[in-house]
Amino acid sequence: SRCLEELNFCNFIGSKMARDEKDEDDRNQAEKDAFLQFRRQLDRQKEKHEADGSNADRLKSQGNHFFSFGLFEKAATMYSEALELKPESTVLLNNRAMAYLKQAMPLEALADADQSIELDKSVENIKAFWRRAQALLDLEKDVEAEEAANAGLALQASNSHLNSVRRKAREAITLRRLCGADWVGRLENGAEKRFSFTREGVMTMTVIGHPLKASFDLSVECNPQSMLVKMQAPGMVGSAPPPPVPYIYDFHDNDQELWICHPVGSTELPSSFSGPGFTRLRREAHVVVSIVDSAEPLDKRCASYMREFNQILPLVPPQLPERPSDDEISHEVALMDKVVKLKKRFGLEVHSRAMELVKAQRVEDAELAELAAGLRERLVARKVLSAAEVSTAPAPSTEVPASVPASDACCNTIEVPCQPLQQQPSGVSGCLSGLVARFCNRE
């Protein structure tokens, strides 16, 4: 019986070992089948990915082809279809952003550029920084555009596209700060000088009501920033424009003050805000000259005009020496400044009527006759009018002068034309007489 038990135990052990071997074989086969299934799935995914990549590349090439012909909408469509296959392709995002920019779609371009930068912030993706800066510039977000360009230039300082966008952004920032207001300062003799700038690159400097126009080119990549001012040629035959003048400029007091400085005695760009060429200008809203109430009768306005004119000008002009003092010059300049502002305030219609009354031999209205006589005496003393002009002038009309358009008689603002003097007497007093002559429409 003991032998029988040992035999049964051996059979049990053998049977168990056989079952264990079979189970292990089954497990090995299952693992092998699972691995083979995984490989088959991986091969299918790889084939699909390669197919998608091939299709995406084909769509990208087609988009590039459309772009080269200027078909930007079609190009953007091709890039969009390619992105459906490769949604994390920075190249496709950058290409579509540029196609959007070419279609004046900066918001869409900005979204693509931002997504591209999120995927890759390295210098290898520098185009995304360019697209972002350009989109912000097109959206007139000049400060953000400059910051975006700086972010890209921190990765690649020599990138010409980013440097160009940054320069344009800085120019736009400067023009926004310069334009839309007058910048007012004083000459050494106390006369007001007024600067205004336009986005088209035109600078107007007005002194004693006389505007001098110039073009200006900004240079915003230096510190301090500068501009090159090119004055227009004077209106005399054969006159050449003066040489360009370099200015440096800077803003202060929250853009309420503009510092400008130009060279004196040289053409070199100043390096600091100092010396006789340095001026501080304060911002003022554009001055709109309002004409006195045009509903009043013309002769009533004319009486007020001549009365103020007579109050401004002394009856007899002072005799200035050949070399007048600064105080004498300042006094004369201040008088002319008042005269110019007076004409602008009353308008061309009133002025023309006043000159008609001044030149007339006989004026029916006693008040007008007295005021006209006073103004006549002042203008003759300054050789603005001659006795011959007064004696041969026709009787004044009671109608609005024909030289003044009817629309001007009811306007609330005027633009006073300023024509170049053909000749000017020598000396300071002669210059001021020339300005009076201009004021009274005589050349």
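S116 is found in helix α4, where helices (H or I, at least four residues) and strands (E, at least two) are DSSP runs numbered from the N terminus. With a relative accessibility of 0%, S116 counts as buried, a class that means under 20% relative accessible area, against over 50% for exposed and partly exposed in between (1.4 Å probe, protein chains only). The model is predicted, so local features need pLDDT of at least 70 and side-chain atom pairs count only at pLDDT 80 or more, whereas totals for chains, interfaces and linings use all residues. Residues are numbered from 1 along each chain as its sequence is written, and side-chain values use heavy atoms, with hydrogens and water left out.

**Overall composition**

- The protein chain holds 13 helices and eight strands, and buried residues make up 38% of its 443 residues.
- Among contacts (heavy atoms within 4.5 Å) in the protein chain between residues at least 6 apart in sequence, 54% join residues at least 24 apart.

**Helix α4 against helix α5**

- Leaving aside neighbours within four places in sequence, S116 is in contact with T90, L93, N94, N125 and A128.
- The axes of α4 (residues 106–119) and α5 (residues 126–138) come within 8 Å and cross at roughly 150 degrees, the axes being lines fitted to C-alpha atoms, for helices over the stretch in contact, with angles that run from 0 to 180 degrees between N-to-C directions.
- The two helices α4 and α5 are therefore roughly antiparallel, on a scale where angles under 35 degrees count as roughly parallel, over 145 as roughly antiparallel, 65 to 115 as roughly perpendicular and the rest as oblique.
- On the α4 side the contact is made by P106, A109, L110, A113, D114, S116 and I117, and on the α5 side by A128, F129, R131, R132, A135, L136 and D138.
- By class, this contact of α4 with α5 has nine nonpolar, one polar and four charged residues, with Ala, Val, Leu, Ile, Met, Phe, Trp, Tyr, Cys and Pro counted as nonpolar, Asp, Glu, Lys and Arg as charged, and the others, Gly among them, as polar.

**Helix α5 against helix α7**

- Helix α5 also packs with α7 (residues 160–178), at an angle of about 20 degrees and with axes 10 Å apart, which makes α5 roughly parallel to α7.
- In this pair, I126, F129, W130, A133, Q134 and L137 of α5 meet H161, L162, V165, K168 and A169 of α7, and these residues divide into eight nonpolar, two polar and one charged.

**Nonpolar cores**

- A nonpolar core is a set of buried Ala, Val, Leu, Ile, Met, Phe, Trp, Tyr and Cys residues joined through side-chain atoms within 4.5 Å, and in the largest one, of 53 residues, F197, M227, L258 and M306 touch the most other members.
- Helix α9 (residues 326–346) gives the largest share of this core, eight residues.
- A second, separate core of 34 residues includes L92, M98, L110 and V165.

**Backbone features in loops**

- The peptide bond from N223 to P224 is cis, with omega near 0 degrees, and P224 is found in the loop between β4 (210–219) and β5 (226–231).
- N254, in the loop between β6 (245–252) and β7 (257–261), is not a glycine but has a positive phi of about 55 degrees, and N254 is exposed, with a relative accessible area of 71%.
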